[in-house]
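Subject: Structure for you to look at

Hello,

Here is the structure, with its sequence. My notes on it follow below.

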Amino acid sequence: MDIVVVGAGALGSLIGALLSRENEVALVGRKAHVDEISRGGLVLEGLTDGTFHIRASSSLPYTQPDLAVLCVKAYDTAAAAREIAAMGWIGTMLLSLQNGLGNEDTLADVVPDLPVIGGITSVGANIVHPGTVHHGGDGETIIGAYARCDEHHVTMVADAFTTSGIPISTTDRISTELWAKVIVNAGINPITAIHGIRNGGILESRDLQDQLGHLCEEGVNVANAVGAELSQGEMLQRALDVVKRTATNRSSMLQDVQMGRRTEIDQINGAIVREGAERGVPTPFNLAVIDQVKGLSGSGRPLQ
Ligand code: PAF
């Protein structure tokens, strides 16, 4: 398959490198990172080791890919979608592997005609420095038809991942999975960012585990009010499983805060608060962490 990864940060670079084992891959990312990749290849460390010589650039390729994997920050989805729409691609499948709610809807609305596949992944990756990515945690990746696509599209994408050695499963309830993923992120990401700890640090404190529980509970209440049918107990267990599997990982929100970048708090906890407000479901714990993370953003708090 001819694949372009749009948003080759830590996760996008890792997924792109793994997919390049069996597919033609082009990465689109920030200039310093893609320049380094073009010069010496993409270096992976950690669970995967090696140098991957992949096409990399800071703009979309003019040749039409079979699949575009979106890994941009959720607040950049609309801009990325507009760029894709301007390419006039025909038949290219769009797969979102992003954090937050609403990415698939934005793609479906802004890019006319192309099939949109929803996806979640809890694979953990950090950029060590431009050109080098640490593969910190293996997690599950689940995809499913979202808009203008059917089982055939989903199977083709799942096959491309499987043959490249990336564990993946498919679902016909991707909207519920997207809710489950946002709830996991709404717990782990702000807690790790506020306290400056790796994901596994949550397991070392009863208070932080309680906070994770409260955030999960609010998320499940909102998701179920929207129609997701999630169980409180299973969701907390799922969040704890992700914490364990990615224990040495720095969450994407912690990385954003430490790098002085904008965080995805509005697209993660903010989305839960907005959906909750529309349905009369209270979300005080989510509101509190939004304030705390906004107070931190860009403060470059050191990792403990
Ligand atoms: O955003 C992240 O960091 C990741 O989605 C996850 C699963 C929390 C692992 O760090």
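Strands 8 and 11 pair in the antiparallel sense over six bridges; strands here are DSSP runs of E of at least two residues, helices are DSSP runs of H or I of at least four, both numbered from the N terminus, and two strands pair if DSSP finds at least two bridges between them. I120 has I142 of strand 11 as its bridge partner.

Before the rest, the basis. This is a predicted model, in which local features need pLDDT of at least 70 and side-chain atom pairs count only at pLDDT 80 or more, while totals for chains, interfaces and linings use all residues. Residues are numbered from 1 along each chain as its sequence is written, and side-chain values use heavy atoms, with hydrogens and water left out.

The sheet

Strand 11 (residues 141–147) also pairs with strand 12, in the parallel sense and over two bridges. There I142 has S169 as its bridge partner. Five of the seven residues of strand 11 are buried, so this strand is largely enclosed by the rest of the structure. (Buried means under 20% relative accessible area, exposed over 50%, and partly exposed in between, with a 1.4 Å probe and protein chains only.)

Taken together, eight strands form an open, mixed sheet in the order 5-2-1-6-7-8-11-12. Strand 5 (55–57) and strand 12 (169–170) are at the edges with a single partner strand each, so one side of each has no neighbour in the sheet. Helix 1 (residues 10–19) packs on the sheet and touches strand 1 (2–6), strand 2 (24–28) and strand 8.

Helix 11

Helix 11 (residues 284–296) has 13 residues. Its buried residues are N286, V289, I290, V293 and L296. The buried residues pack against helix 6 (174–195), helix 7 (206–226), helix 9 (252–258) and helix 10 (269–279), where contact means heavy atoms within 4.5 Å.

Domains

The domain assignment, which is automatic or from a database, gives domain 1 (2–172) and domain 2 (175–296). Their C-alpha centres lie 23 Å apart, and 25 residues of domain 1 are in contact with 25 residues of domain 2.

Regards

Notes
The expected span of a helix is 1.5 Å times one less than its number of residues. Axes are lines fitted to C-alpha atoms, for helices over the stretch in contact, and angles run from 0 to 180 degrees between N-to-C directions.
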